[in-house]
Amino acid sequence: FPQAVIFDLDGVLTDTAEFHYLAWKQLGAELGIEVDKALNEQLKGVSRLQSLERILAAAPVPPVLTAEEMEHLAAKKNAHYTALIASVTPNDILPGIAALLQELRAAGLKLAVGSASRNAPFVLERLGLDSAFDYVVDAGRIQRGKPDPETFTNAADHLKVPYESCIGVEDAAAGVEAIKRAGMFAVGIGSAQTLRQADYLVTATELLSAEHILAAYSRWIDKA
Ligand code: G16
Ligand code: MG
């Protein structure tokens with residue numbers, strides 16, 4: 001039986017993935033670089049500075065910037081982003097998520113948030129979910145972001161749960177890869193095309209149910 005479920009934040013608990021996209025798009029416009037949906041898929045789950053590197057690399061003539069200039073641009077994007085998340089309320093919890101958290105909790109599972117975002121504690125507070133989890137990964141303490149498994153192994157280590165007894169829930173390709181590299185069961189939310197590595201996939205959060213996830217986990221662990 002699994003012992004813990006580790007949730008990604010942006011795009012899983014709430015649609016802040018859209019706000020990250022809008023904030024990067026705005027920064028891109030200021031730099032004359034178009035950030036479209038395809039480029040944005042490459043940014044999901046990826047750290048702030050790495051996202052910026054990917055955007056700059058997509059410019060017709062990629063600019064060469066100092067570390068200081070990079071920090072400045074990253075701070076600018078974060079200012080756009082924090083302006084957008086200031087209006088988040090509990091109504092912005094994605095459909096099906098509140099019920100799922102209750103079902104998993106009732107089934108005796110530990111719950112954690114595995115987010116790469118330094119804004120995660122603020123967003124959880126805005127959603128009214130700050131006491132819904134046993135542990136929230138501190139992005140400031142993670143050395144390597146997704147697709148490295150550290151975000152997920154950090155949560156499991158903290159909860160003292162073996163990796164194969166953990167379920168990770170993600171909407172990003174980098175995030176699903178991180179879960180698989182951690183040796184955990186991966187639940188993907190999105191398209192099969194982007195989330196090829198997911199062990200169990202739904203196209204939207206309202207289709208998540210504890211019963212289905214636990215049944216899929218049992219089939220996976222039985223095969224292992
Ligand atoms: C999130 C987003 C990424 C963002 C990263 C860092 O990860 O998906 O787009 O770049 O966090 O966020 P911040 O700039 O707020 O520190 P996750 O893991 O919650 O999907
Ligand atoms: Mg995400």
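What follows covers the ligand's surroundings, the sites listed in UniProt, and a look at two of those sites. Keep in mind that this is a predicted model.

**Around ligand 1**
- There are 21 residues around ligand 1, and the ones that come nearest are Arg 48, Ser 115, Ala 116, Ser 117 and Arg 118.
- Helix 1 (16-31) and helix 3 (48-57) are the elements that give two or more residues to this shell.
- By type, the shell splits into 9 polar, 7 nonpolar and 5 charged residues.

**What the record lists**
- An unreviewed UniProt entry lists Asp 8, Asp 10, Glu 170 and Asp 171 under "binding site".
- Those four are spread over 164 residues of sequence, yet they cluster in space, with a largest C-alpha distance of 8.8 Å.

- You'll find Asp 8 in the loop between strand 1 (4-7) and helix 1.
- Asp 8 counts as buried because 31 other C-beta atoms lie within 10 Å, and the cut-off for that is 20 or more.
- Setting aside residues up to four places away in sequence, Asp 8 touches Gly 45, Gly 114, Ser 115, Val 169, Glu 170, Asp 171, Ala 172 and Gly 175.

**Asp 10 up close**
- Asp 10 also sits in the loop between strand 1 and helix 1.
- With 26 other C-beta atoms within 10 Å, Asp 10 is buried too.
- Beyond its neighbours within four places in sequence, Asp 10 is in contact with Thr 16, Ala 17, His 20, Ser 115 and Ser 117.

Note on methods: Residues are numbered from 1 along each chain as its sequence is written. Chains are lettered from A and ligands numbered from 1 in the order in which they are written. This is a predicted model: local features need pLDDT of at least 70, side-chain atom pairs count only at pLDDT 80 or more; totals for chains, interfaces and linings use all residues. A residue is near a molecule or strand if its C-beta atom, placed from the backbone, lies within 6 Å of it. Helices (H or I, at least four residues) and strands (E, at least two) are DSSP runs, numbered from the N terminus. Ala, Val, Leu, Ile, Met, Phe, Trp, Tyr, Cys and Pro count as nonpolar, Asp, Glu, Lys and Arg as charged, and the others, Gly among them, as polar. UniProt positions are given in the numbering used here, feature names are shortened, and annotations may be inferred rather than shown by experiment. A residue is buried if 20 or more other C-beta atoms lie within 10 Å of its own, exposed if 12 or fewer, and partly exposed in between; C-beta atoms are placed from the backbone. Two residues are in contact if their C-beta atoms, placed from the backbone, lie within 7 Å.
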